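Here's a walk through a two-chain model, written for someone who would rather look at side chains than read a methods section. Have the structure open while you read.

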Amino acid sequence: MSNQNDSKEKSLQALLQGKLSDTDAQSVRSELEAEEQRAKVFMETYLQQNSLERSGIEKAPESLRRRIRAIPVQYERSGRSLLHLGAIATVVLSIIVGLLVYHGPAPDEPTPEEIDQARRELIIAFNYLEDIGQQTSNYMSREIGGAMEHALIKGIVHGISEEPKNG
Amino acid sequence: MNIKFSTLVNLYENDVYTLALYLLRNKSDAEDAAQETYLKLWENLEKVEFLRAKSWLLRVARNTCLDRLRKRRFEYGSPSSDMQVESSQCPEDSLMQEQQHDRLAGAIENLDEPYRSLIVLRDIHQNSYREIEIILDLTPDQVKVYLHRARKKLKAELIEVDV
């Protein structure tokens with residue numbers, strides 16, 4: 001048994017050192033994969049026998065959950081420039097002004113407070129949208145390419161410009 | 001809160017905490033390590049790709065834990081464990097489960113690195129081979145061979161503890 005283990009260990013070491021032929025390496029790999037199944041059965045049986053099957057992943061305690069969620073408040077990242085917010089606010093205000101000009105005075109004109117409130121909500125919404133858009137855009141440009149990114153942006157812009165007409 | 005950050009917190013905070021708990025075997029240290037990991041994520045949020053964030057988080061968590069273990073060994077020697085299972089079962093069952101869990105955690109603790117991380121990442125967390133390669137910076141062959149050795153050692157540890 002010990003000799004068998006020694007010889008197994010030698011072949012594993014040779015695999016790690018790249019000293020095996022392709023055929024031999026593949027044979028050792030297949031053996032390891034077969035063992036994976038046996039090891040899985042052993043672990044599962046052990047966990048099951050000891051009623052541990054549900055204890056694999058621990059739930060983070062409430063104190064940790066609070067500490068992690070406090071990180072963005074406690075550690076403001078310097079990288080997030082106000083330029084971004086300024087740009088978004090400019091875009092939002094341009095859209096509002098554009099829409100007002102386009103539609104002209106409405107029969108039931110909102111009060112200045114309502115307009116301010118709507119503007120604030122729009123800025124918040126755009127802030128979220130920008131965050132998601134930036135992540136999506138990065139992913140798209142990497143994974144799918146410029147064409148999809150263009151289509152996505154076009155879709156969002158189209159959706160935004162359509163929104164007031166529907167409402 | 002930033003959407004990307006909060007999503008990654010909601011998705012992986014339990015995984016990060018569990019890995020830290022298995023490596024450090026101390027709840028307070030595991031919380032500190034998990035918080036440190038997420039602080040590093042916050043500082044590098046724009047560089048971390050969403051789809052690779054899990055591997056990134058677990059790799060950082062592991063390195064953070066190993067640093068802490070090195071410091072701990074240097075400063076205090078071996079720590080006392082306070083790793084326990086939370087359970088809603090009756091006290092007897094809960095106690096038994098706790099003892100069995102402690103036995104498994106103890107056996108895992110006796111493994112050297114990277115065997116310990118491999119068992120936690122593969123057999124406890126059920127991460128894929130590819131994820132483990134990234135987290136531990138190992139080749140596919142190394143993952144397979146080291147995992148084989150890790151399980152062999154763990155099996156021996158468990159049998160030894162049970163006897």
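Predicted model: local features only at pLDDT ≥ 70, side-chain atom pairs only at ≥ 80, totals over all residues.

Chain A has seven helices and zero strands, and its elements run α-α-α-α-α-α-α from the N terminus. Chain B likewise has seven helices and zero strands, in the order α-α-α-α-α-α-α.

The table puts the values for each chain in its own row.

| Chain | Residues | Buried residues | Contacts joining residues at least 24 apart, among those at least 6 apart in sequence |
|---|---|---|---|
| Chain A | 167 residues | 21% | 52% |
| Chain B | 163 residues | 55% | 67% |

As a rule, nonpolar side chains in soluble globular proteins tend to be buried together. Here, the largest nonpolar core has 63 residues, and the ones touching the most other members are F5(B), Y38(B), L41(B), I108(B) and L154(B). Which helix gives the most to this core? That would be helix 1 of chain B, residues 3–24, with twelve residues.

Leaving aside residues up to four places away in sequence, L41(B) touches F5(B), L8(B), V48(B), W56(B) and L57(B).

**Helix 1 against helix 2 in chain B**

Helix 1 and helix 2 of chain B pack with their axes 8 Å apart, at an angle of about 140°. That angle makes helix 1 of chain B oblique to helix 2 of chain B. The crossing is right-handed.

On the helix 1 side of chain B, the contact residues are F5(B), L8(B), V9(B), Y12(B), E13(B), V16(B), Y17(B), A20(B), L21(B) and L24(B). From helix 2 of chain B come K27(B), D29(B), A30(B), E31(B), A33(B), A34(B), T37(B), Y38(B), L41(B) and W42(B). Sorted by type, the residues of this contact are 15 nonpolar, one polar and four charged.

Chain A brings S63(A), L64(A), R67(A) and I68(A) to the contact, while chain B brings E31(B), D32(B), A34(B), Q35(B) and Y38(B).

Is K144(B) buried or exposed? With 16% relative accessibility, K144(B) counts as buried, because the cut-off for buried is under 20%. K144(B) sits in helix 7 of chain B, residues 140–162. Apart from residues up to four places away in sequence, K144(B) touches R29(A), L32(A), E33(A) and Y129(B).

With residues up to four places away in sequence left out, R122(B) touches E36(A), N127(B), S128(B), Y129(B), I132(B), L147(B) and R151(B).

Over in chain A, Q26(A) belongs to helix 2, residues 22–49. Q26(A) counts as partly exposed, at 43% relative accessibility. Its C-alpha atom is 9.3 Å from that of L15(A), eleven residues away along the chain.

Most residues other than glycine have a negative phi, and most peptide bonds are trans.

- The peptide bond from E113(B) to P114(B) is cis, with omega near 5°. P114(B) lies in the loop between helix 4 (91–109) and helix 5 of chain B.
- R25(B) has a positive phi, near 55°. The loop between helix 1 and helix 2 of chain B holds R25(B), and this residue is buried, with a relative accessible area of 5%.
- D137(B) also has a positive phi, near 55°. D137(B) is in the loop between helix 6 (129–136) and helix 7 of chain B, and is exposed, with a relative accessible area of 65%.

Methods: Residues numbered from 1 in each chain as written. Chains lettered and ligands numbered in written order. Heavy atoms only, no water. Core = buried A, V, L, I, M, F, W, Y, C linked by side-chain atoms within 4.5 Å. Buried < 20%, exposed > 50% of the residue type's maximum accessible area, 1.4 Å probe, protein only. Helix = DSSP H or I, 4+ residues; strand = E, 2+ residues; numbered from the N terminus. Contact = heavy atoms within 4.5 Å. Axes fitted to C-alpha atoms, helices over the stretch in contact; angles between N-to-C directions. Parallel < 35°, antiparallel > 145°, perpendicular 65-115°, else oblique. Left-handed = near helix turned anticlockwise from the far one by under 90°. Nonpolar A, V, L, I, M, F, W, Y, C, P; charged D, E, K, R; others polar.
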